[in-house]
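Let's take a walk through this model together, one region at a time. Have the structure open and follow along.

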Amino acid sequence: MFQNLGGRHAWIAAAALFVVLGAARRAEAYTWMIRYGHGSCVSCHLDPSGGGLLTAYGREEGADILRTPWPSSGDEETNARRGKFLYGTVNPPDWLLLGAAFRPAVLVTNASADGMSNTTATGILMQADLRAGIRAGGWRASASIGVISNSSYASIVGNLISREHWVGYAFDGDTYTIRAGRINLPFGLRIIEHNFYVRAYTRTDINDEQQHGVAFAFDNRRVRAEVMGILGNYQISPDAFRERGYSGYAELMIAPDYAVGVSSLVTHAERDIVLGVPNTRQAHGLFVRLSPWTPLVVLGEADVTVNDPTGGPLAVGLATLLQADVEPVQGLHLIASGETWRPGGTETNTTYGAWGAVDWFVGWHLDLRLDFGRESMALDGMRLDATSVLAQLHLYL
Amino acid sequence: MIWLEALAFLAMVAAPLPAAAKPTFPCALLDGLNQACPAQVSLQPPCSDCHLGGKTGGATPFTAFAWGMRARGMSGSVESVKTAIAQMKIDGVDSDGDGTPDWQEIIDGTDPNEPGTASNIQDPQLGCAVGGRRAAGGIGAALALAALALVRRGRRRR
């Protein structure tokens, strides 16, 4: 299996594999790839709406444009091999896609209110996943399995999780794809920052908010869209907690580096997972991706949320996000984000968040990220301030 | 072959992991309010009072109620939970603004983070094996195993 394996690389690969097995992810999705004219997702990702497993082309592109190219980098052939799964030490057949990721983090938070303040620090295993996918003719399939340190809606048992597992078929050169299984909800910007208000309060993150259902995707490189019939998350129970409805988006590429889209979601659960009562939940919004200058990508999203719980007040809220990603040197990302959240209902004030991050794709299959965030939360006329520092290491194979 | 072994190993190391929960915290909340803790877990304050969506662990204690508790000294110890909820009561914190202070909602079994919630809120059960069904979640492992078994077979043919 480990053919063509040099001594040093063998140790690197073995160490990486050991680390991945000992712990293995949160899905990757780099929306800012639009700066390179990659507005469409399906050519690089097995998931037609992006994120997760890479196609062979996606790996090649990633090897070329994701990391900082050091002057001592090897020749073209060596680099092409290094960009492959497990640094090219394993050669799966063309129809089989493999991947793995390991993302440990340290989170330090400070909360202050009414003159009181408290700081806590915690280690988090955010991601430790193995992924396998099939891309044979029109057939498509993908599955992930991993462990994390928190309990999760993706749990199979305990801390063993499967974020996604689906089978499908693609027609007409991936213009149309139909899938069934546990799938990322098609909604808004597919970003890795799952705690942003636009993802958290629409419950559409790619961390563990996937649902079981059937999805139909369309992508002709000018328009991409996906709509999913949601049957519920069958990795939680009892059945009353499961949401049924739909989620979807459509995005128009106005130019190779400029896209605008709309999203919509309506679900109903007999026992809302947050409210504990029957609730019909809606989210509808707009999003934009724009790269006016190659090193700069601007992402924006605004979503209106509606919660109509039985026995509770109707709450019409608004979540917004504006993010700028600057890449002054290939592989080094300076990211600034601002976000707001107004839940509606009895809460009339707005919560604000501001984040700054440095994400450096320092070498093959490795990036280091440091986030600093400040939030001012509206709590019934009071303000609670939170400061967060998050340091992450991300090894992806 | 190595992948089948890898998956088996992953399953073995992952399954016994604790869910990173603090099962003593719900009772500590009631203790800090001088209330007896019911033996029945479903009658105790749910994890979702502090943890987003009831998902326990260090990355999720970010509900409005949890932030209020953390500002008042809640950390990783049971004692800090007791003193923080006592301070919440003194301060009269009402995180969801429904007119009922958080400490009273903890006793009543309603959600201090959301107005209009029913009493005795329960967390969802996480995982495929609960609720009497081993449903679609198992498909993931089955798919991965099937794909990797195919790789193994393909290698043997070469």
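Which residues have the most contacts inside the largest nonpolar core? They are A:Ile148, A:Ile161 and A:Leu397, and the core they sit in has 44 residues. Before going further, keep in mind that this is a predicted model. The elements of chain A that put two or more residues into this core are β1, β2, β3 (139-147), β4 (155-157), β5 (160-161) and β19. There is also a second, separate core of 28 residues, and B:Cys47, B:Cys50, B:Ile85 and B:Met88 are among its members. As background, nonpolar side chains tend to be buried together in soluble globular proteins.

Now step back and look at chain A as a whole. You can count four helices and 19 strands in it. Its C-alpha trace spans about 65 × 50 × 45 Å along the principal axes. Is that what a compact globule would look like, or what else would you compare it with? For 397 residues, a compact globule would have a radius of gyration near 21 Å, and chain A has 21 Å, so the two agree. Of those 397 residues, 53% count as buried.Next, find strand β12 (residues 258-269) of chain A, where the side chains alternate. A:Ala259, A:Gly261, A:Ser263, A:Leu265, A:Thr267 and A:Ala269 point to one face and are buried.

What does β12(A) pair with? One partner is strand β11 (residues 244-255) of chain A, antiparallel to β12(A) over eleven bridges. A hairpin of two residues links β11(A) to β12(A), and A:Arg244 has A:His268 as its bridge partner in β12(A). Strand β13 (residues 279-293) of chain A also runs antiparallel to β12(A), and twelve bridges join them. Here A:Ala269 stands opposite A:Asn279 in β13(A).

The loops of chain A hold a few backbone details to look for. In the loop between β10 (236-237) and β11 of chain A you'll find A:Pro238. The peptide bond from A:Ser237 to A:Pro238 is cis, with omega near 0 degrees. A:Asp174, in the loop between β6 (165-171) and β7 (176-183) of chain A, isn't a glycine, yet has a positive phi of about 70 degrees. Is A:Asp174 buried or exposed? A:Asp174 counts as buried because 20 C-beta neighbours lie inside 10 Å. A:Arg221 is not a glycine either, and has a positive phi of about 75 degrees. Look for A:Arg221 in the loop between β8 (211-219) and β9 (223-232) of chain A. With 13 other C-beta atoms within 10 Å, A:Arg221 is partly exposed.

Let's move on to where chain A meets chain B. A:Ala386 is a handy landmark in strand β19 of chain A. A:Ala386 has 20 other C-beta atoms within 10 Å, so it is buried. Which residues is A:Ala386 in contact with, leaving aside its neighbours within four places in sequence? They are A:Thr109, A:Asn110, A:Ala111, A:Glu375, A:Met377 and, from chain B, B:Trp67. Another pairing to look at is A:Ala386 and A:Thr119: they are 267 residues apart in sequence, with their C-alpha atoms 9.6 Å apart in space.

Why is helix α3 (residues 64-71) of chain B described as largely enclosed by the rest of the structure? The reason is that eight of its eight residues are buried. Just after α3(B), B:Gly73 has a positive phi of about 105 degrees.

Finally, how confident is the predictor? For the complex, it gives an ipTM of 0.75 and a pTM of 0.81. Chain B has a mean pLDDT of 72, with 65% of its residues at 70 or more. Within chain B, confidence is highest in α4(B), at 93, and lowest in helix α6 (residues 137-157), at a mean of 44. The pLDDT is below 50 over residues 1-21 of chain B, a stretch with 45 contacts in the model beyond near neighbours in sequence. Residues 130-158 of chain B also stay under 50, and the model has 54 contacts for them beyond four places in sequence.

Terms used: Residues are numbered from 1 along each chain as its sequence is written. Chains are lettered from A and ligands numbered from 1 in the order in which they are written. This is a predicted model: local features need pLDDT of at least 70, side-chain atom pairs count only at pLDDT 80 or more; totals for chains, interfaces and linings use all residues. A residue is buried if 20 or more other C-beta atoms lie within 10 Å of its own, exposed if 12 or fewer, and partly exposed in between; C-beta atoms are placed from the backbone. The radius of gyration is taken over C-alpha atoms; the globule rule is 2.2 Å times the number of residues to the power 0.38. A nonpolar core is a set of buried Ala, Val, Leu, Ile, Met, Phe, Trp, Tyr and Cys residues joined through C-beta atoms within 7 Å. Two strands pair if DSSP finds at least two bridges between them. Two residues are in contact if their C-beta atoms, placed from the backbone, lie within 7 Å. pLDDT is the predictor's confidence in each residue, from 0 to 100.
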